[in-house]
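Good morning, and thank you for coming. Please look at the sequence and the structure on the screen.

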Amino acid sequence: MLGIAQHVVSKVTSTVTNIEGELGLFTMSDHKILELIYTSHVHEDDSFDVDSLFLITENIIKRSTQIVDNIVQGTQVHVETIDEMPPKASFSSPLCTLKSIGCELSCKAPGDEIAHKSTLSILNKLSTYSWEAKAVLALAAFALEYGEFWLLAQIHQSDPLAKSVAILKRVPVLLKPADLQKRRQAVVELNTLIKTTLQVIDCMFELEKLSTYDPKDVPALAIAMDHIPVDVYWSIITIVACATKVTLLTSDEDKPYDLSQYSQKIHYILNKLKIQLIICKKQIEEAETYRKLRKLFQTPTEVMEVFKALIFTKDTVQPIIDGSTNKTVTIDVLRRKYVLLFISSLDISDDDIAILKPVYEGIKKEDKYKIVWIPIVEQWTDELRKKFEILRTKMPWYTVQYFSPVAGIRFIKEEWHFKGKPAVVVMNPQGKVENTNALHLIRIYGMKAFPFHKGIEDTFTSDKEWITPIVNDIHPTIQTWIKEEKYIFFYGGKDNEWIQQFTKKATAIANDPFIKELKINIELFCVGKSAKGGEDLGILGRFWSGIESLFFTNVNKQTDTVTKEVQKLLSYKNESGWAVLSKGSTVVVSGHGFTILKVLEDFERWKELIKEKGFEVSFKSYHDKVIQTMKHCVRLDIPSVAGKVPETMKCPECPRTMETYVSYKCCHTDGPINAHH
């Protein structure tokens, strides 16, 4: 063991001799500091009562610095204002350790290299203590001298013993009116630096106390604690520098020793630790709110109470705004009501708001249902407040106007899978969630899906007319075609050449004399193309948003035929071409551009079957054959922000489970994306 200690000392000494040559103290990297100080850290002695030592040290520093303020600055601060916590009755002062550290602090010549060497020597002596204890012991050793000095300064004129001890401690040297006036600024700056160092160590203690929490609940704590050893190093070296400054201030010579770089460093560390504490405490508050909300949702209660816990922190309950009157009302208006929580960021479009307006009109006659917009904003700014006001005026329902992050932000993200895109959470009067996101249902079916609870989805999942609510509002002629039970090709894609080929082939079949003779009426609608042939990104965006919503309402029923068709169509979203054939409102087949185009190109091969089996059966049968010969990879892009994404996905075209990939996309815009994406 002795050999190890000697090796550590020799390694530290050899490092110190090169510090000035290699790089300056204040330009040394944190990584380099860690390398140096970890060589002296053996293990932690948990039996040491560091809390009691810190309470005593804190009391000494606070009272000493107040005496300095009284003597040097002339300010009168009553020492009784300090809240003094007593140490444990069992506490025993580590006096020998403190005196040993004191030897490293006493009568050192000024200089960064000497301060660095003394710091490493102190750390070596304290190798078995925790990092926080090392800092406290160093500060306690300094406080022992600093406290005694200023205690003597306060009482030496009235106490003969104190007067004699003060002379040995060179107290009168500093307190001579001429010297005190000359060195006043230096004493004040030193006093401030000591106070700041105490605050830094206090912050370390606060962070250490938070380590009892689950690391998953406070991820910021691990980052802060990883940096504590370096912060301890800077605290101790600052204490060493302060001790040297005290020696110089009480000497007969007036040697300069600038502590400004130490002051800058220690203030930087203090600000960093304060920010880390704020973040950690916020994460703890979020975690506690999260647990509270989970418990609340598991126990039948009252919807208004759940709403209050979800939005507001303690004692911050505020009124909500009634969009129909533009006046504030208390949250009591939600008591014993069915509540639709419209949750979104501020990046929502007029289309997102318009989706809910028919619902608002449909439910406002009854007093049983209420809609409340909850804007999710992590950090409010003046610009975001302006944006909020513009959006709020477009909504006739209730709005939460609470310019702080909502209390249940973690719950909303983790339990309701909110990732940025708008969602509508349906809660009953008992505060029970009946649908974590009814927006997909509302987008497709509107008030037909009322009251929007999860079970209502089952009535739509086996509906072969699933294409109708998606395309009904795209163009007025589509509704007419559907009513007349015509065959309709809905198609589109990324490749304009494919679109032209498909249009040409499909038009030729629609006008084929054989088809005309059988009185088969075929119509074509290219999704995303305007009448003039240009791109209509609004229609294209609404179409794919509808398909995505349909997918999410059926996502848990991957074996269902309709679900497979929807999934298949969604997989073609970014392909060169795709097409859906329907007869009236009933979907016949959906397919990849290559396979559908092949069916059209081979029309002469299967057209004779139409007389016997009908157009849709013949088309689908031949398409099934084509799929077997023209294999292509199926790629399904699901936006992660849209809600809960299934862990596994069955291929819509074969029985295999699809492979999972992660991809990233940027559309170079900060606003909502309603165009083709």
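I shall speak about a sheet and then about a pair of helices.

This is a predicted model, in which local features need pLDDT of at least 70, side-chain atom pairs count only at pLDDT 80 or more, and totals for chains, interfaces and linings use all residues. Residues are numbered from 1 along each chain as its sequence is written, and side-chain values use heavy atoms, with hydrogens and water left out.

Seven strands form an open sheet with mixed pairing, in the order 2-1-5-4-3-6-7. Strands here are DSSP runs of E, at least two residues long, and helices are runs of H or I, at least four residues long, numbered from the N terminus; two strands pair if DSSP finds at least two bridges between them. Strand 2 (327–329) and strand 7 (433–435) stand at the edges with a single partner strand each, so one side of each has no neighbour in the sheet.

Within the sheet, strand 1 (residues 320–322) pairs with strand 5 (residues 398–400) in the antiparallel sense over three bridges. There, isoleucine 321 stands opposite threonine 399 in strand 5.

Now to the helices. The axes of helix 10 (residues 177–209) and helix 13 (residues 260–298) come within 9 Å and cross at roughly 30°. Axes are lines fitted to C-alpha atoms, for helices over the stretch in contact (heavy atoms within 4.5 Å), and angles run from 0 to 180 degrees between N-to-C directions. Helix 10 and helix 13 are therefore roughly parallel, a term for angles under 35 degrees. Among the residues that meet are Leu193 in helix 10 and Tyr262 in helix 13.

Terms used:
Angles under 35 degrees count as roughly parallel, over 145 as roughly antiparallel, 65 to 115 as roughly perpendicular and the rest as oblique.
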